[in-house]
Amino acid sequence: MPPTPRTRDTTSDPRPGRFRALLADTTPLRRSPAFRRLWIGLSLAGVGQQIAVVTVGLQIYDLTRSTFAVGLVGLAALVPLVVLGLYGGALVDVHDRRRVALLASSVLWVVSLATAAQAWLDVGSAGLLYGLVALQSAAFAINSPARSAILPRLVDAELLPAANALVWTAQTVALTAGPLLAAVLVGTGGFGLAYTVDAVMYVFALWSVFRLPAIPPEVAAGERPRAGFRSVVEGLRFLGTRPNLRMTFLLDLAAMIFAMPRVLFPALGAVVLGGGATTVGVLTAALALGAALAGLFSGPLGGVRRQGLAVVVCILVWGASISLVGLVLLVLPAGDGGLDHRLPVVAVLLVLAGAADSVSAIFRSTILQVATPDALRGRLQGVFIVVVAGGPRLGDLVLGSSADVVGEAVTALAGGLVCIALVLLLTRAQPSFRAYDARDPHA
């Protein structure tokens with residue numbers, strides 16, 4: 001059974017003072033040992049994962065010298081992510097969620113070892129890398145819905161925004177540290193060293209999932225749910241009757257498909273701004289730093305009731321920031337050798353974009369978890385991971401293709417503007433989402 005919601009005891013709040021009230025609420029870590037172990041293990045493993053993500057892009061670009069080829073990494077991950085994300089969510093609603101997560105995490109670790117091996121052996125095959133990315137994406141599509149469906153069973157309902165903020169903060173810290181470490185590791189020891197560090201750090205994820213208690217799905221008496229096509233359709237049918245849940249997915253797709261700039265970073269480092277792997281690390285880390293700062297100062301988010309409106313505003317800020325990145329690259333002249341003076345400006349804009357994306361993700365996760373029954377959480381989390389992970393992958397393909405034709409700067413400018421336009425159109429078509437109130441959560 002899920003924990004019984006409890007009213008927070010503000011009289012014993014260990015975060016007194018106005019400044020400390022801004023900091024992330026760590027109550028879920030104190031109240032739930034199981035959540036604490038999971039958070040620690042996945043936080044450490046997340047750093048290694050981000051090292052691998054950046055390293056794959058660098059290695060593909062090193063082999064092909066094509067931004068389009070880097071974008072194809074997204075396509076290699078997209079198909080297994082979509083197929084197994086939906087089916088994986090159905091598995092989570094049938095089997096013990098701990099077992100599902102442990103099996104999928106084991107596959108991810110084996111793939112990490114194989115990726116390191118191809119680098120050390122200097123295979124030099126972009127096709128092999130695409131294949132490993134596809135296999136990793138398949139395992140991730142099952143692992144992520146399992147972990148997300150586990151979270152509401154480990155903490156009180158009232159603490160879900162705080163728990164999601166902690167999870168997202170850990171992920172974004174990994175997004176900050178991972179790219180910087182990737183740049184150092186690739187620059188000093190090559191691709192093999194970077195991938196090996198990822199494989200070693202993923203052991204922490206296995207440990208954290210192994211230590212969880214059994215978490216079977218909750219089903220009504222007499223029901224015998226089965227994973228299969230019918231189960232997937234049932235979850236999609238439920239989503240079809242919940243317009244506010246649909247909006248969380250549609251708005252995120254608008255942002256990620258048309259305004260996720262990460263596929264542009266290798267070319268920006270190699271050609272536009274210069275600096276190579278170091279610049280790629282700085283740009284990727286800047287995007288994540290903003291998200292980490294938003295998570296660090298997420299204390300007030302627990303008091304936000306108009307969560308739908310908050311999502312809309314944050315995605316508009318995201319689109320505007322990415323457009324300004326493109327405008328800066330187009331309008332400001334390039335530097336004459338050394339550090340390009342446009343890099344700090346671009347980095348600041350990416351920090352702002354990352355902060356907006358972080359707050360949006362926290363509220364979108366909370367809306368989904370609160371408005372979905374436990375028996376359907378796996379399937380809806382499967383849809384969530386298809387959108388959250390598949391959207392950026394599709395965005396890699398869209399922006400990568402565009403950049404090869406019109407250049408990276410124009411692609412960023414246009415992508416951000418398209419994102420803004422789509423958000424305005426979607427919210428005009430579904431105005432009830434802006435009025436979504438956490439005190440009366442109608443999906």
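The following dialogue reads selected features of a predicted model.

Student: What percentage of the residues counts as buried?

Tutor: A residue is called buried when its relative accessible area is under 20%. Of the 443 residues, 55% fall in that class. The accessible surface of the protein comes to about 18200 Å², and carbon and sulfur atoms hold 68% of that area.

Student: How much of the contact count comes from residues 24 or more positions apart?

Tutor: Among contacts with a separation of 6 or more, residues 24 or more positions apart account for 86%.

Student: Where do Arg-65 and Asp-122 lie?

Tutor: Arg-65 belongs to the loop between helix H3 (33-64) and helix H4 (67-92). Asp-122 is placed in the loop between helix H5 (97-120) and helix H6 (126-150).

Student: Is Asp-122 buried or exposed?

Tutor: A residue is exposed when its relative accessible area is over 50%. Asp-122 counts as exposed because its relative accessibility is 64%. Arg-65 is exposed as well, because its value is 56%.

Student: How many salt bridges are there?

Tutor: A salt bridge requires a side-chain nitrogen of Lys or Arg within 4 Å of a carboxyl oxygen of Asp or Glu. By that rule the count is 4.

Student: With which residue does Arg-65 form a salt bridge?

Tutor: The partner of Arg-65 is Asp-62, and their closest N and O atoms are 4.0 Å apart. Asp-62 is partly exposed, because its relative accessibility is 42%, whereas Arg-65, at 56%, is exposed.

Student: Which residue forms a salt bridge with Asp-252?

Tutor: Asp-252 pairs with Arg-364, with 3.2 Å between the closest N and O atoms. Asp-252 is in helix H10 (residues 243-259) and Arg-364 is in helix H14 (residues 342-371), so this pair ties together parts that lie 112 residues apart in sequence. Both Asp-252 and Arg-364 are buried.

Student: What is the N to O distance in the salt bridge of Arg-262 and Asp-396?

Tutor: The side chains of Arg-262 and Asp-396 meet at 3.2 Å, N to O. This pair links distant parts of the chain, 134 residues apart: Arg-262 is in the loop between H10 and helix H11 (265-272), while Asp-396 is in helix H15. Arg-262 is partly exposed, because its relative accessible area is 29%. Asp-396 is buried, because its relative accessibility is 6%.

Student: How far from Asp-357 is the nearest side chain of opposite charge?

Tutor: The nearest side chain of opposite charge to Asp-357 is that of Arg-364, 4.3 Å away. The cut-off for a salt bridge is 4 Å, and Asp-357, although buried, has no salt bridge. Asp-357 is in helix H14. Leaving aside residues up to four places away in sequence, Asp-357 touches Trp-168, Met-256, Trp-318 and Arg-364.

Student: How many disulfides are there?

Tutor: A disulfide is assigned when two cysteine sulfur atoms lie within 2.5 Å, and the count here is 0. As for individual cysteines, Cys-314 is buried, because its relative accessible area is 12%. Cys-419 counts as buried because its relative accessibility is 0%.

Student: Which helices each supply at least two residues of the nonpolar patch?

Tutor: They are helix H13 (307-331) and helix H15 (374-406). H13 gives the largest share, 4 residues. Leu-324 is located in helix H13, and Leu-324 counts as partly exposed because its relative accessible area is 40%.

Terms used
Residues numbered from 1 in each chain as written. Predicted model: local features only at pLDDT ≥ 70, side-chain atom pairs only at ≥ 80, totals over all residues. Heavy atoms only, no water. Buried < 20%, exposed > 50% of the residue type's maximum accessible area, 1.4 Å probe, protein only. Lys, Arg positive; Asp, Glu negative; His and termini not counted. Contact = heavy atoms within 4.5 Å. Areas by Shrake-Rupley, 256 points an atom, 1.4 Å probe, with all protein chains shown as cover.
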